[in-house]
Amino acid sequence: MKINFQTVFTSWKKKIVVIIYGFLLIFSYVNPAISSEPKPWQMDLQEPAGIIATKATDLHNFLLVVITLISVFVLGLLVYVCIKFREKPNVQPSKTSHNTIIEIIWTVVPVLILVVIAIPSFKLLYLTEADKPVDMVVKVSGAQWYWNYEYPDEEISFDSYIVAEEDLKDDQKRMLDVDNPLVVPEGTRIKFLITGNDVMHSFFVPSLALQVYSIAGRINEIWTEVPLGKKKYYGQCNQICGVNHAYMPIVIQALPKDEYEVWLKEAKVKFASITKKGINKIALLDKKEVKELK
Ligand SMILES: [Cu+2]
């Protein structure tokens, strides 16, 4: 049988090109201009937005290097010890129990490593706690199982529920999109006052480095900088809070200033009719039941 090597080679070349294009297509599945959300098979953190998230990602990357070096070093030591002190060449085992120099090293070196980690870590912690001047304040209340957003300066407040699967529009994401997102102007520094109505929840928007407990009877504070650009930042409650814990996503929609003003005008009309009675309604996955309550 005669094999035509040229044909085989060309067909393999084609296959390789197709495979490479396939990989490029998969790994280019990012759309930073529109939204910030978890991606299928994502291995790394979400793309950071704002100064705190950027610094937190840098710290994470630095720690990844430190922990990798430590793990490789310890693994190397284990392998070395297993080979060097195996039974065969050591019929009479060594009776050594102390080595002052090594003991000083394995105490001092980890302390130094901890100090090196602590410096950027504390700097970031103080930055998140800093009392920075902010452009606006938003009060967030966690409830079973939805979020309530209040703009104290604008005197509006509204509930934010997950969009049921059957109501999803083409541009909406399953389990992540909500009926009323938290709308904010782009390029704004915001202070969040976070509290709760019932059980413990947690306000978690990874791309903006927001993760704060929402606890009834207590107000927690955090600030963030929403960068320039019309974009949606997705998050979820990440404190196991009950049967519908998985169904209380968070959407922060950043809009250009003029579009935000238009939204604000409409919101003042739209949410004016929401009565106090409606605030404690129970979020149910069944759309019909939610409609009945409304
Ligand atoms: Cu919750």
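This report describes the fold, strand pairing, nonpolar core and selected local features of a predicted model.

## Overall architecture

The protein chain contains five helices and eleven strands. It has 294 residues, of which 21% count as buried.

## Pairing around strand β2

Strand β2, formed by residues 136–143, has pairing partners in β6 and β3. With β6 (residues 188–196), β2 runs parallel, and seven bridges join the two strands. With β3 (residues 146–151), the pairing is antiparallel and extends over five bridges.

## The nonpolar core

The largest nonpolar core comprises 37 residues. Those with the most contacts inside this core are Val138, Val140, Leu208, Leu210, Ile250 and Ile252. Strand β11 (residues 249–255) gives the most to the core, contributing five residues. In soluble globular proteins, nonpolar side chains tend to be buried together.

Leaving aside neighbours within four places in sequence, Val140 is in contact with Trp147 and Tyr149, with Phe192 and Ile194, and with Phe203 and Ser214.

## Helix α4

Helix α4 covers residues 257–270, a total of 14 residues. From its first C-alpha to its last, the helix reaches 19 Å, close to the 20 Å expected at 1.5 Å a residue. Helix α4 is hardly covered, and the count of buried residues among its 14 residues is zero.

## The loop containing Leu168

Leu168 lies in the loop between β4 (156–160) and β5 (182–185). This residue counts as partly exposed because it has 14 C-beta neighbours inside 10 Å, a number between the limits of 12 or fewer for exposed and 20 or more for buried.

Not counting residues up to four places away in sequence, Leu168 touches Val163, Arg174 and Asp177. A further spatial relation concerns Asp179: Leu168 and Asp179 are eleven residues apart in sequence, and their C-alpha atoms are 9.9 Å apart in space.

How values were computed
Residues numbered from 1 in each chain as written. Predicted model: local features only at pLDDT ≥ 70, side-chain atom pairs only at ≥ 80, totals over all residues. Helix = DSSP H or I, 4+ residues; strand = E, 2+ residues; numbered from the N terminus. Expected span 1.5 Å × (residues − 1). Pairing = 2+ DSSP bridges. Contact = placed C-beta atoms within 7 Å. Core = buried A, V, L, I, M, F, W, Y, C linked by C-beta atoms within 7 Å.
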